[in-house]
Amino acid sequence: MSRTTTYDDADRRIPQSRVHAALADASTTPYWLDDPARPDSLAPLDWDTTTDLAVVGGGYTGLWTALMAKERDPDRRVVLLEGKRIGWAASGRNGGFCEASLTHGEANGKKHLPQEAARLQELGHENLEQIADTVEKYGIDCGFEWTGTLSVATEDHQVEWLREDEGKDPNVVFLDRDAVRKELNSPVYRAGLWDKKSTAMLHPARLAWGLQRACLASGVEIYEHTPVRGIRATKGGSGPVRITTDGGTVTAAKVALATNVFPSLLKRTRLHTVPVYDYVLMTEPLTPEQLRAIGWHNRQGLSDLNNRFHYYRLATDPQGHQRILFGGYDAVYHYGRRVKAEYDQREETFARLAAHFYATFPQLESVKFTHKWGGAIDTCSRFFSFFTTAYGGRVAYAAGYTGLGVGATRFGANVLLDLLAGTPTERTRLQLVTKKPLPFPPEPLAWLGVKITAAAMIRADRRQGRRGPWLKLMDAIGMGFDS
């Protein structure tokens, strides 16, 4: 039997006049990038050069790859090429949830890689600890804080889902209705599950900028405003790899491709990802009275259990004030796998998020929003990263992080470096690395499949989580589309 959800009700109940007034003056610049700490722009490449390692892409994957390449071999020449600015895309505009999971959650890892899921959990926690060590080692001012995450049930049927994990791990605590509302006071919460160890919160753009500074200090050459137009091998396929840019060419012994959501330079991997647009709001600074009204003393990152889920968190601005980031729910795919700047703004989704914010925190009904933004993330059919090599092992590629790349990209960068080194390691032997996800079909089938799946997920939310025939079929064949 179908019924409306908590957030369906919010869409009808919250006055649109209040929503539009709250969004009227919001900047369209991503909040994290609207920061005086943003480094000055770097010059583009405008000559031909030769290097030991070329890294294409200046997001987390590329930055981690470049930095750790120099840590492994300080004498290696490393050149990083970025089409626009360091951290301008998904790495600089995400929610700042730095999670241990390498597989988009424990359940998803067990589903796709049951034989190594436990080891991947261990490696994920080791990776997160190493991120914390790197932040401390290089003095990266990104607000890194161990808060954990709080998963909340906003529908009655979701409470039992949370109870299933009760008692399995001493660091994971089930909270009933009263207990969860003591952590964060919202009338929509029925229960919660607090995972205290698997996630840290941080300022995502400042992490990227801190990695940039660490790279430069280590001797990495970074060129911004240098989009790569092509890649090919030399000497009949046996020589170095030549990368073409608008200003010059880079001839590299090895190449790491870290372009993620943008079309792969390796044509054979282009069907393995689709770009999905995600949207976010940031509130104005909260007053002390408003903070007291909601609690949130332990500053956990939050998400609910709906297929179309929200994620939200506290964020400390440069003046020391607390704001709330509130995003998610809609996941929008555009026909033809298109990635365009005009898709970064979607008023329909911003209005929906604002209404859901007020339903979640009615005590904050006077709070307005200072920033509204969106952007594309790359998703693959298994929801976590995949890897491949080309040109006789001289090129390695990673993509498919599906919104959980803040932490997992560091692990992925280590995989890229292992693959390029050509010496097998525990990482390169993992099925995570050797096994590829199913590709998405070409158009128009991709667009049609996404639309059908999105509609099926909405129906499942309205039917107490029961998955219909279409979602069960997608589960069976290993295809997915994550909101």
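A salt bridge is defined here as a side-chain nitrogen of Lys or Arg within 4 Å of a carboxyl oxygen of Asp or Glu. The structure is a predicted model, in which local features need pLDDT of at least 70 and side-chain atom pairs count only at pLDDT 80 or more, while totals for chains, interfaces and linings use all residues. Residues are numbered from 1 along each chain as its sequence is written, and side-chain values use heavy atoms, with hydrogens and water left out.

Across the whole structure, 31 salt bridges are found. Arginine 190 pairs with aspartate 156, with 3.1 Å between the closest N and O atoms. These partners are 34 residues apart. Arginine 190 is partly exposed, at 21% relative accessibility (buried means under 20% relative accessible area, exposed over 50%, partly exposed in between, with a 1.4 Å probe and protein chains only).

Glutamate 155 forms a salt bridge with arginine 3, the closest N and O atoms again lying 3.1 Å apart. The two residues are separated by 152 residues. Glutamate 155 is buried, with a relative accessible area of 1%, whereas arginine 3 is partly exposed at 37%. A salt-bridge network links Arg119, Glu122, Glu126 and Glu426.

A disulfide requires a pair of cysteine sulfur atoms within 2.5 Å, and by this rule the count is 0. The closest cysteine sulfur to that of cysteine 215 belongs to cysteine 142 and is 14 Å away, which is too far for a bond. Cysteine 380 is likewise in no disulfide, the nearest cysteine sulfur, that of cysteine 98, being 19 Å away. Cysteine 215 is buried at 0% relative accessibility, and cysteine 380 is buried at 0%.

Conventions: Helix = DSSP H or I, 4+ residues; strand = E, 2+ residues; numbered from the N terminus.
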